[in-house]
Structures are given as C-alpha cells and as structure tokens.
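Here is a quick tour of the fold's sheets and the side-chain contacts around them. Have a look at the structure first, then read on.

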Amino acid sequence: MNARRIQNLAALAAAFAACAGVTDAAVELAPRSPFVPAGSPVPVAPVEGGVIELSGIIDGGANGPRFGITETETKKSRWVGLNEMGDGYVVRSYSNVGGRDEVVVEYQGRRLTLGLKKSRVATLRGPAAALSTAANPAANAALTRPVTTSPTRESEQARLEAVAAELARRRELRANATSGQ
C-alpha cells in the first residue's frame, strides 16, 4: 500500500511537471506571431473594457512618467513607473500613437496594450444649472472681484449688498424651480 502511494505521487508529480512545461512554452510563444516579420513588434489593438485599464498618466519629473492602472472590478488604482511591479502587472513601454497614449502591460503572463481611458464630463441641467455662477456672470461680477486687503467701509458695504442681492436672486430661482413655474 505504501508503494502504491509513492507511485501515485510520482505520477502526479510527473503530470504537474508536464503541465508546467506546456504553460511555460505557451507563455513564451504568446507574444510571437507567424504573421509578423521576426524582430518587429506585434501590433495589438488597445484593450477596451478589460480587467485593468490605463486611467491616467502624470509626469514624474526625473523619475519618468507614472501610469495610473485601475482594476475595473474593484476600482483599485495604483501609480507605477516603467518596469515597476504593480498588483500583478508591469508597465513595459509607453508610446503616443496618433495622439493616443498607450502602454504595453504584462499581466498574468500576457502582453496587453492599454489605451488611455476617455474621460466623461457631464453637463449640469435643470434648476441647479440656473443657480450656478457661470449661468449669469454679469450678476456675479461683484462677487468675483479680487479681495482687497484693507477694504473701506463703503467697499465692504457694497460687497455685502451684492452678496445679499445674489442670495435673493438664487432663492427666487429655487422657489420658481420647486413650484414648477
């Protein structure tokens, strides 16, 4: 019975060794393509909606650029430099192709090309937009003047009156928006 266990363990160890050899060969062959001339980089389209994404790039000065890599499921981000280990990934190269920033990342034994994620800006609509100072810059001119270090009594009184007028205007807008007029 002891000999049988040893045989089973030996067979299991051989199976694991064979699987490890196949996996190493598959990882080694993954970046190569029979359709691209030897020595040239394999063109890869940037990955969209993957497990990780390039969420930002900052200038790191003398240390070189830093890349914000975000895990899409957990929304966990980390800033890493070139050839610096992140959470299971390494940024291998950076390029600007046709005005689009891209990085090549090694992640779980694969080389991924990640394009910089497009930012989305939502515009403000409805009653809140009417309350914004950008909606009526002429009415807010008194509020946006530079601050004086030693205001006179008259200038301070004028500023307080402008603030009171702006508050009244905003209250009126809010009342009209809530009453449905």
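This is a predicted model: local features need pLDDT of at least 70, side-chain atom pairs count only at pLDDT 80 or more; totals for chains, interfaces and linings use all residues.

Residues are numbered from 1 along each chain as its sequence is written, and side-chain values use heavy atoms, with hydrogens and water left out.

Zooming out, S1, S2 and S3 sit in that order in an open sheet of three strands with antiparallel pairing. S1 (52–58) and S3 (76–80) are the edge strands, each pairing on one side only. From one strand to the next, the twist averages 25°; the axes behind such angles are lines fitted to C-alpha atoms (for helices over the stretch in contact), and angles run from 0 to 180 degrees between N-to-C directions. S1 and S2 are joined by six bridges in the antiparallel sense. As for the terms, strands (E, at least two residues) and helices (H or I, at least four) are DSSP runs numbered from the N terminus, and two strands pair if DSSP finds at least two bridges between them.

## The S4-S5-S6 sheet

Here again three strands make an open, antiparallel sheet, this time in the order S4-S5-S6. Its edges are S4 and S6 (110–115), each pairing on one side only. Ignoring direction, neighbouring strands in this sheet are turned by 20° against each other on average.

S5 (residues 100–107) runs antiparallel to S6, and six bridges join them.

## An aromatic pair

Which residues form the aromatic pair? There's one such pair in the structure, and Phe67 and Tyr94 form it, tilted, at 5.4 Å centre to centre with 45° between the planes. It links distant parts of the chain: Phe67 belongs to strand S2 (residues 66–71) and Tyr94 to strand S4 (residues 89–97), 27 residues apart. For the cut-offs, rings of Phe, Tyr and Trp (its six-membered ring) pair if their centres lie within 6.5 Å, and planes under 30 degrees apart count as stacked, over 60 as edge-to-face and the rest as tilted.

Phe67 counts as buried, at 0% relative accessibility, while Tyr94 is partly exposed at 34%. Buried means under 20% relative accessible area, exposed over 50% and partly exposed in between (1.4 Å probe, protein chains only).

## Salt bridges

The count comes to eight salt bridges, each being a side-chain nitrogen of Lys or Arg within 4 Å of a carboxyl oxygen of Asp or Glu. One of them joins Glu84 and Arg66 (2.8 Å, N to O). Glu84 is in the loop between S3 and S4 and Arg66 in strand S2, so this pair ties together parts 18 residues apart in sequence. Glu84 is partly exposed at 28%, and so is Arg66 at 23%.

Lys76 and Asp87 also meet, at 3.4 Å, N to O. Since Lys76 lies in strand S3 and Asp87 in the loop between S3 and S4, the pair ties together parts 11 residues apart in sequence. Then there's Arg111 with Glu106 (2.7 Å, N to O); Arg111 is partly exposed at 43%, as is Glu106 at 29%. Finally, salt bridges with shared partners join Lys76, Arg78 and Asp87 into one network.
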